[in-house]
Amino acid sequence: VVLTGSQRGPTLEGTDAFVNLRQAFLLAAHPDARGLGVTVLFNERVFAARYVKKQHASNVDGFFSPGFGYLGTADQDEIAIHQRLIKRETYQLIQPLPNVELIKCSLGSDGKFIDYAVKCGSAGIIIEAPGRGHTAPAILESAKKAAEKGIPVVLTTSAHEGEVKGVYGFKGSASTYADAGIILGGSYDSKKARIKLAVLLAAGQKIDEASFKY
């Protein structure tokens with residue numbers, strides 16, 4: 001599966017719509033694309049969907065994969081794949097994708113949005129926190145209450161690179177989240193973690209820290 005689009009619409013001057021679409025077709029038909037899984041093609045670069053992020057709202061060079069790089073390139077009509085992912089995951093959905101809320105933390109945040117997500121019946125909650133996964137204690141308390149009700153809660157980092165990990169012991173650090181039954185999201189960003197948690201729930205899979213190691 002190849003995803004593409006354009007940073008500038010097809011009616012705008014300097015549009016990238018047609019070249020991206022043409023090269024996406026070429027990538028999808030290329031024999032070296034077999035086994036790559038879902039890829040994203042923009043601005044002559046081939047990215048793994050797992051790691052790609054948007055870096056600019058409008059520039060044609062709008063996507064990148066921090067810390068991982070791109071899988072290959074498209075040079076006019078030529079596709080070149082330079083590297084491949086070691087591991088791929090696929091799941092068979094047995095029910096519709098459930099609602100998973102994404103809640104971002106900032107200085108002075110409290111747990112009211114987590115409490116409200118629980119009240120509204122969210123099937124899962126993703127928390128995006130700075131650094132290794134650090135929040136105010138009040139957010140931890142709300143996350144803990146959600147986990148105690150059987151709602152999977154995943155802690156992610158807002159940083160472009162690095163993993164959520166328990167290296168400090170203060171209340172609101174990643175280690176205290178893990179002690180409270182919250183899942184540490186590894187290197188997943190919040191949006192990718194939200195998609196994965198929804199898929200795991202819809203596929204009836206076991207959800208734990210190992211689920212977010214890849």
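Helices here (H or I, at least four residues) and strands (E, at least two) are DSSP runs, numbered from the N terminus. A word on ground rules: this is a predicted model, in which local features need pLDDT of at least 70 and side-chain atom pairs count only at pLDDT 80 or more, while totals for chains, interfaces and linings use all residues. Residues are numbered from 1 along each chain as its sequence is written, and side-chain values use heavy atoms, with hydrogens and water left out.

**Helix H3**

Staying with H3, its twelve residues should span 16 Å at 1.5 Å a residue, and the end C-alpha atoms are 17 Å apart, which agrees. The expected span is 1.5 Å times one less than the number of residues in the helix. Ile-139, Leu-140, Ser-142, Ala-143 and Ala-146 are the buried residues of H3. They take up an arc of only 165 degrees around the axis, so they sit on the same side of H3. That arc is taken from the directions from the helix axis to the C-beta atoms. Lys-145 and Glu-148 are exposed on the other side of H3. For burial, the cut-offs are under 20% relative accessible area for buried, over 50% for exposed, and partly exposed in between (1.4 Å probe, protein chains only). The cover over the buried residues of H3 includes helix H2 (112–119), strand E9 (124–129), E10 and H4.

**Helix H1**

Buried in H1 are Ala-17, Asn-20, Gln-23, Ala-24 and Leu-27. Their arc is only 140 degrees around the axis, which puts them on the same side of H1. Phe-18, Phe-25 and Ala-29 are exposed on the other side of H1. As for partners, the buried residues of H1 pack against strands E1 (2–3), E2 (39–42), E3 (45–48), E6 (72–75) and E7 (78–81).

**The cores**

In soluble globular proteins, nonpolar side chains tend to be buried together. A nonpolar core here is a set of buried Ala, Val, Leu, Ile, Met, Phe, Trp, Tyr and Cys residues joined through side-chain atoms within 4.5 Å. In the largest nonpolar core, which has 23 residues, the members touching the most others are Leu-27, Val-100, Ile-126, Val-154, Leu-197 and Phe-212. E3, E7 and helix H5 (190–202) each supply at least two residues of this core. H5 gives the most to this core, with five residues. Take Leu-197: leaving aside neighbours within four places in sequence, Leu-197 is in contact (heavy atoms within 4.5 Å) with Val-100, Gly-124, Ile-125, Ile-126, Pro-152, Val-154, Ile-207 and Phe-212. There is also a second, separate core of 21 residues, with Leu-155, Ala-174, Ile-182 and Leu-184 among them.

**Salt bridges**

The structure holds eight salt bridges, each a side-chain nitrogen of Lys or Arg within 4 Å of a carboxyl oxygen of Asp or Glu. Here are some of them.

| Pair | N to O distance |
|---|---|
| Lys-112 and Asp-110 | 3.2 Å |
| Glu-141 and Lys-171 | 3.2 Å |
| Lys-213 and Glu-209 | 3.8 Å |

Lys-112 is partly exposed at 47% relative accessible area, and Asp-110 is partly exposed at 36%. In the pair of Glu-141 and Lys-171, Glu-141 lies in helix H3 (residues 137–148) and Lys-171 in the loop between strand E10 (153–157) and helix H4 (174–179), so the pair ties together parts that are 30 residues apart in sequence. Glu-141 is partly exposed at 31% relative accessibility, and Lys-171 is partly exposed at 47%. Lys-213 counts as exposed at 55%, whereas Glu-209 is partly exposed at 34%.

**Aromatic pairs**

Rings of Phe, Tyr and Trp (its six-membered ring) pair if their centres lie within 6.5 Å; planes under 30 degrees apart count as stacked, over 60 as edge-to-face and the rest as tilted. By this rule there are five aromatic pairs. Phe-42 and Phe-63 form a tilted one, 4.3 Å centre to centre with 35 degrees between the planes. This pair links distant parts of the chain, with Phe-42 in strand E2 and Phe-63 in strand E5 (residues 63–64), 21 residues apart. Both Phe-42 and Phe-63 are buried. Tyr-51 and Phe-68 are stacked, at 3.8 Å centre to centre and 25 degrees between the planes. Tyr-51 lies in the loop between E3 and strand E4 (53–54) and Phe-68 in the loop between E5 and E6, so the pair ties together parts that are 17 residues apart in sequence. Tyr-51 is buried, with a relative accessible area of 14%, whereas Phe-68 counts as partly exposed at 42%.
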